[in-house]
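This briefing covers selected packing features of one protein chain. Please consult the sequence and the coordinates alongside the points that follow.

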Amino acid sequence: MEVLQPTSLWLPFLLFLPLILLPLFHLIRKYKHLKRPNFPPSPPKLPIIGNLHQLGNLPHRSLWKLSQKYGPVMLLQFGRVPTLVISSSETAKEVLKTHDLEFCSRPPLVGPQRLSYNFLDVAFVPYGEYWREIRKLCVLELLSVKRVQSFGFVRAEEVAVMIDSLSRSDSNTPIDLSQKLISLTAQIVCRVAFGKSYQRTEFDNGKFQEILYEAMAMLGSFSASDFFPKVGWIIDKITGLHGRLEKSFHDFDTFYQGVIDQHLDPERLKSNHDDIIDVLLKLEKDQFGAIRLSKDHIKAILMNIFLAGVDTSAVTMNWAMTEMIRNPEVMKKVQEEIRSYVGKKGKVEEADLDQLQYNKMVVKETLRLHPPGPLLIPRESMQHSKINGYDIHPKTRVLINVWAIGRNPDYWEKPDEFYPERFIDSSIDFKGQNFEYLPFGGGRRGCPGINMGVAMVELALANLLYHFDWELPKGMKKEDINMDESSGLTVHKKSALHLVPINYI
């Protein structure tokens, strides 16, 4: 009997081995391909700093230019922080609506978290139970339509003070309207929050605006700890930024503690109208929802109200007046609307505002061209998700370029022109459901102070246009107006707006 050799036994197996392994290799390669993340397009980056060198002085404009090349979904690396940049309404809708829950957290404010003030830890809090409860408190108790309406007398009185001040000015002398407007909004927010204006009393010694400006400058400045969380705070100490932050928030902490102590004084003469601190102190006693408020919580809420309310409203009014002085036909049209409706009553009241539709269009158009926060406040992804088919990992920072979206010719005809008539018979509003128009953001993190801000802006602008005709300083033409922007937490007009008010009423 013939004995088979070992090679004879293995030969058939070796012949069929490629037929077995080839499909297997194909499956492995396919599986690896499926598992490989599909990241969004990215511009070339440098070692260590990543794409920081591409931000420029005006990040919203720099990122818009990059999006022209790399598309509406870009992934950039700012130091150690992966950052997703969204530049279209379609992808903004994915972030703010479709995947809102995955993107509704905030990155921690690294610099202030290394400071000595507990209220900062709760002022800049990521998504969670505490944030949900505080959001509910703001929407239901502090910034509801009813509460905003209840402070209408404050807005009316402060606008009247500003108008009186302007009417007494020399008719040939330009006034710094930018400064007047930020003083107005600070006065209104002070009275709404504290019940009185500390800028007109001995308590503040004239320092409140200085404290506010410094805090906003610090939060809008470049902080190494924002981009290099583990070591950046050391750089901030060396550059002096850490020390300025310490002093700024020490001043705020002292200020807030002082006004809270005054509200707790049993001998305090209480007004007939509760201010925001009164409301918060009552809620501290009664316990609101699932959390118990502390003094640090109250300070944190006050911090958010001031940072969000004072600057953004003033910036919007400043840009609106700038655009109208550059477009006199718009100013004339809105003045005719206001003056014909209000007549000789002597002032525009909040009850009149719903009838002043063109005035509302002017505000809408200003917010489209000049959103106060052009990149909104950054979000942070909490889990893996897909945007426009791209993989987005957890802990990715998200910037939504609402400035770029508001100037996109795919959504807006002649997008760089100031043309309020585009909103005639339009259902587009700023409540966060029209993703081509997001000056206040949208989703869970949309601004809860829309009602307060819009009421302030519409009333002040209507009275400025009702009481005065406005002219440029002698010898200046509208073409000479500097439209440059300054970078920061909000985007200001770089140079102050100086105009001459001519009394009409």
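Which residues of the largest nonpolar core touch the most other members? The model is predicted, and in it this core holds 100 residues, of which Leu-142, Phe-194, Phe-306, Met-321, Met-324, Ile-338 and Trp-470 touch the most other members.

**Nonpolar cores**
- Another core lies apart from the largest one and has 15 residues, including Leu-84, Leu-96, Phe-103 and Val-398.
- Not counting residues up to four places away in sequence, Phe-306 touches Val-189, Cys-190, Ala-193, Phe-194, Phe-208, Leu-212, Tyr-256 and Asp-311.

**Helix 17 and helix 19**
- The axes of helix 17 (residues 357-369) and helix 19 (residues 450-467) come within 10 Å, crossing at roughly 115°, and the crossing is right-handed.
- On the helix 17 side, Asn-359, Lys-360 and Val-363 meet Val-457, Glu-458, Leu-461, Ala-462 and Leu-465 of helix 19.
- By class, this contact comprises five nonpolar residues, two charged residues and one polar residue.

**Gln-335**
- Gln-335 is placed in helix 16 (residues 328-342).
- Gln-335 has a relative accessible area of 7% and therefore counts as buried, the cut-off being under 20%.
- Leaving aside neighbours within four places in sequence, Gln-335 is in contact with Leu-465, Phe-468, Asp-469 and Trp-470.
- Among these partners, Leu-465 also takes part in the contact of helix 19 with helix 17, and Trp-470 is one of the residues that touch the most other members of the largest nonpolar core.

Note on methods
Residues numbered from 1 in each chain as written. Predicted model: local features only at pLDDT ≥ 70, side-chain atom pairs only at ≥ 80, totals over all residues. Heavy atoms only, no water. Axes fitted to C-alpha atoms, helices over the stretch in contact; angles between N-to-C directions. Helix = DSSP H or I, 4+ residues; strand = E, 2+ residues; numbered from the N terminus. Left-handed = near helix turned anticlockwise from the far one by under 90°. Contact = heavy atoms within 4.5 Å. Nonpolar A, V, L, I, M, F, W, Y, C, P; charged D, E, K, R; others polar. Core = buried A, V, L, I, M, F, W, Y, C linked by side-chain atoms within 4.5 Å. Buried < 20%, exposed > 50% of the residue type's maximum accessible area, 1.4 Å probe, protein only.
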